[in-house]
Amino acid sequence: MADRLGVPRGLAELGVTEADFPGLVSGTLKDVCLSTNPREASAGDVTALFAAAL
């Protein structure tokens, strides 16, 4: 279905690389929405999520 709709299957299809992670992680940790997450997230946790989403 993702292919039929033209939805990217990962961040790499959007041009994101591991070199972008520091800025993405920093922005994520500053996002006010993260404060309402029931689980605390560290920089390592967020980096792992971005790596899995590549």
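1. A nonpolar core is a set of buried Ala, Val, Leu, Ile, Met, Phe, Trp, Tyr and Cys residues joined through side-chain atoms within 4.5 Å, where buried means under 20% relative accessible area, exposed means over 50%, and partly exposed lies in between, with a 1.4 Å probe and protein chains only. In this structure the largest nonpolar core has six residues, namely L11, V16, F21, V25, V46 and F50. Helix 2 and helix 3 each supply at least two residues of this core. In soluble globular proteins, nonpolar side chains tend to be buried together.

2. A word on how to read the values: this is a predicted model, in which local features need pLDDT of at least 70 and side-chain atom pairs count only at pLDDT 80 or more, while totals for chains, interfaces and linings use all residues. Residues are numbered from 1 along each chain as its sequence is written, and side-chain values use heavy atoms, with hydrogens and water left out.

3. Helices are DSSP runs of H or I with at least four residues, and strands are runs of E with at least two, both numbered from the N terminus. Helix 2 covers residues 21-30 and helix 3 covers residues 43-53, and the two pack at an angle of about 125° with their axes 10 Å apart. Helix 2 is therefore oblique to helix 3, since angles under 35 degrees count as roughly parallel, over 145 as roughly antiparallel, 65 to 115 as roughly perpendicular and the rest as oblique. Here the axes are lines fitted to C-alpha atoms, for helices over the stretch in contact, and angles run from 0 to 180 degrees between N-to-C directions.

4. Which residues make the contact between the two helices? Helix 2 contributes F21, L24, V25, T28 and L29, and helix 3 contributes A43, V46, T47, F50 and A51, with contact meaning heavy atoms within 4.5 Å. By class, this contact of helix 2 with helix 3 has eight nonpolar, two polar and no charged residues; Ala, Val, Leu, Ile, Met, Phe, Trp, Tyr, Cys and Pro count as nonpolar, Asp, Glu, Lys and Arg as charged, and the others, Gly among them, as polar.

5. Not counting residues up to four places away in sequence, F50 touches L11, F21, L24, V25 and T28. T47 counts as partly exposed because its relative accessibility is 30%, and its C-alpha lies 6.6 Å from that of F21, although 26 residues separate T47 and F21 in sequence.

6. L54 is found in the segment after helix 3 and, at 33% relative accessibility, counts as partly exposed. Residues up to four places away in sequence aside, L54 touches G10, L11, A12, V16, E18 and F21.

7. D31 is found in the loop between helix 2 and helix 3, and D31 is partly exposed, with a relative accessible area of 38%.
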